[in-house]
Amino acid sequence: MKRFLCAFSLLFVLGGSALAAPPAGERGKEPITIKSNELSTDSKSRTATFTGKVTARQGDLTIYADRLVVHYKQEGGDVDRVDAIGNVRIVQGDRLATAREGVYLSAEQKIVLSGDPKVFQGENTVSGKVITYFVNEEKSVVTGGPDGRVEAVIHPKNKAGDGGSKR
């Protein structure tokens, strides 16, 4: 689960600088608090399902979803896959990602946001049909679809004090 939260935190580099965020390795050492209306576990299918207003918080990173399903590997019990389903919001500082679904694939070190995914940082936004973040490569791919293209809205930084005010 810790790696999942760290991986989701890296997604936010899509929106710009991650200077204010602690390094992913440091965040992974912080405790994780998950709150939901219900938790059900199934040892046979190796899943833990958090349902109802799920909030998963680690450090300055918070994930909200209607349901969070953690799939564990058969060997060793490590996290294999995490599905965040319904009203997915990932918040870190002034950065926000929204989608209907988010999936973290541990083996591929990949996060896939789908269902009107959008990443915001301040006034800047990136949206498309699917936003994929490759954790190890620290790169992302935003793809459009037949119903819409990739859209990035980037506002120039405020340059107040750079000129005009000095006389």
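The following is a dialogue about a predicted model, in which labels are set against their definitions.

Biologist: Which strands does β5 pair with, and what makes them pairs?

Modeller: Strand β5 (residues 79-92) pairs in the antiparallel sense with strand β4 (residues 61-72), over 10 bridges. Strand β6 (residues 95-105) also pairs with β5 in the antiparallel sense, over 10 bridges. A pair needs at least two bridges, so both count as pairs.

Biologist: Where are examples of residues that face each other across these pairs?

Modeller: Y72 has V79 in β5 as its bridge partner. On the other side, V91 stands opposite L96 in β6.

Biologist: How many residues lie between the strands of each hairpin?

Modeller: The hairpin of β4 and β5 has 6 residues between its strands, and G76 in the turn has a positive phi of about 85 degrees. The hairpin of β5 and β6 has 2 residues between its strands, and G93 in the turn has a positive phi of about 60 degrees.

Biologist: How many salt bridges are there in the whole structure?

Modeller: A search of the whole structure finds 3.

Biologist: Why is the contact between D83 and R81 called a salt bridge?

Modeller: The closest N and O atoms of D83 and R81 are 2.7 Å apart. The cut-off is 4 Å, so the pair qualifies as a salt bridge.

Biologist: What makes R100 and D116 a salt bridge, and where are they?

Modeller: Their side chains meet at 2.7 Å, N to O, and the limit is 4 Å, so the term applies. This pair links distant parts of the chain, with R100 in strand β6 and D116 in the loop between β7 (110-114) and β8 (118-121), 16 residues apart.

Biologist: Why do R100 and D116 carry separate accessibility labels?

Modeller: Exposed means over 50%. D116, with a relative accessible area of 56%, is therefore exposed, while R100, at 49%, is partly exposed.

Biologist: How do you know that K110 and E108 form a salt bridge?

Modeller: Their closest N and O atoms are 3.0 Å apart, which is within 4 Å. K110 counts as buried because its relative accessibility is 17%, whereas E108 counts as partly exposed because its value is 48%.

Biologist: What makes the contact between S106 and V79 a polar contact?

Modeller: A polar atom of the S106 side chain lies 3.3 Å from the backbone oxygen of V79. S106 is in the loop between β6 and β7 and counts as buried because its relative accessibility is 12%.

Biologist: Why is A97 called buried?

Modeller: A97, found in strand β6, has 1% relative accessibility, so it counts as buried. The C-alpha atoms of A97 and S127 are separated by 9.7 Å, and these residues are 30 residues apart along the chain.

Biologist: Which residues line the second largest pocket, and of what class are they?

Modeller: The second largest pocket has a volume of about 160 Å³. Its lining includes D116, P117, K118, S127 and R149. By class, the lining has 2 nonpolar, 4 polar and 5 charged residues. Asp, Lys and Arg count as charged, so D116, K118 and R149 are among the charged residues of the lining.

Technical notes. Residues numbered from 1 in each chain as written. Predicted model: local features only at pLDDT ≥ 70, side-chain atom pairs only at ≥ 80, totals over all residues. Heavy atoms only, no water. 1 Å grid on protein atoms, 1.4 Å probe; cavity = no way out; pocket = protein on both sides within 12 Å on 5 of 7 lines; lining within 4 Å. Points joined across faces, edges and corners; volume = space filled by probe spheres on them. Helix = DSSP H or I, 4+ residues; strand = E, 2+ residues; numbered from the N terminus. Buried < 20%, exposed > 50% of the residue type's maximum accessible area, 1.4 Å probe, protein only. Polar contact = N/O pair within 3.5 Å; in protein donor to acceptor, adjacent residues only side chain to side chain.
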